[in-house]
Amino acid sequence: LLVQSPIRTLSDWNDDPRNYYDDPCKSNPCKNHGACDRVGPNKGHPRCSCVCNFIGEYCEIPRIKPCSSDKDCRNGGTCMDHRYDAAGQYHNETCTWRTCSCKRGYVGDFC
């Protein structure tokens, strides 16, 4: 005896709660005004788009502010500003941050 299973439609799939996963953005994992997007298999993982002054997986790390003078860098290092336009789905702004170019023998964020 051959038993045919019933034909499942899209509405059957939508009505079945087993086909849904928790929204990974529901808990607001993105810090400092970052925007959360669902990605990965079944959109089950959060991805954060950070505003200019923050970086990191969850926008938890502050960027170093722009140069105010070469005194921002120690031991004779030179302060250099970096800029880029963050035109995206969530943020439209020009981002600026600094790095220090250290003299020989010195290392680190501020030399």
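First, the conventions. The model is predicted, so to speak of local features we need pLDDT of at least 70, and side-chain atom pairs count only at pLDDT 80 or more, while totals for chains, interfaces and linings use all residues. Residues are numbered from 1 along each chain as its sequence is written, and side-chain values use heavy atoms, with hydrogens and water left out.

Now the overall layout. The chain contains one helix and six strands, where helices (H or I, at least four residues) and strands (E, at least two) are DSSP runs numbered from the N terminus. Their order along the sequence is α-β-β-β-β-β-β. The chain has 111 residues, of which 21% count as buried. Buried here means under 20% relative accessible area, exposed means over 50%, and partly exposed lies in between, with a 1.4 Å probe and protein chains only. The accessible surface of the chain is about 8700 Å², and carbon and sulfur atoms hold 50% of that; the areas come from the Shrake-Rupley method with a 1.4 Å probe, and for residues only the protein chains shown count as cover. As for contacts, meaning heavy atoms within 4.5 Å, residues 24 or more positions apart make up 32% of those in the chain with a separation of 6 or more.

How many salt bridges does a search of the whole structure find? It finds three. The criterion is a side-chain nitrogen of Lys or Arg within 4 Å of a carboxyl oxygen of Asp or Glu.

I start with Arg-38 and Asp-23, whose side chains meet in a salt bridge at 3.8 Å, N to O. This pair links distant parts of the chain, 15 residues apart: Arg-38 is in strand 1 (residues 35-39), and Asp-23 is in the loop between helix 1 (10-15) and strand 1. Arg-38 is partly exposed, because its relative accessibility is 40%. Asp-23 is also partly exposed, at 35%.

Next is Asp-37, which forms a salt bridge with Arg-47, with 3.5 Å between the closest N and O atoms. Here the link runs from Asp-37 in strand 1 to Arg-47 in strand 2 (residues 45-49), 10 residues apart. Asp-37 has a relative accessible area of 24%, so it counts as partly exposed. Arg-47 is partly exposed too, at 47%.

Strand 1 and strand 2 run antiparallel and are joined by five bridges; for strands to pair, DSSP must find at least two bridges between them. Arg-38 stands opposite Pro-46 in strand 2. The hairpin of these strands has five residues between them, and in it Gly-40 takes a positive phi near 85 degrees.

The remaining pair is Arg-98 and Asp-72, a salt bridge with its closest N and O atoms 3.3 Å apart. Arg-98 belongs to strand 6 (residues 92-101) and Asp-72 to the loop between strand 4 (61-62) and strand 5 (78-87), 26 residues apart.

Are Arg-98 and Asp-72 buried or exposed? Both are buried. For Asp-72 the relative accessible area is 18%, which is why it counts as buried. The side chains of Asp-72 and Arg-98 also make a polar contact at 3.3 Å, that is, a pair of N or O atoms within 3.5 Å, where within protein one must be able to donate a hydrogen and the other to accept it, and residues adjacent in sequence count only if both atoms are side-chain atoms. Leaving out residues up to four places away in sequence, Asp-72 touches Pro-66, Cys-67, Cys-79, Arg-98, Cys-100 and Phe-110.
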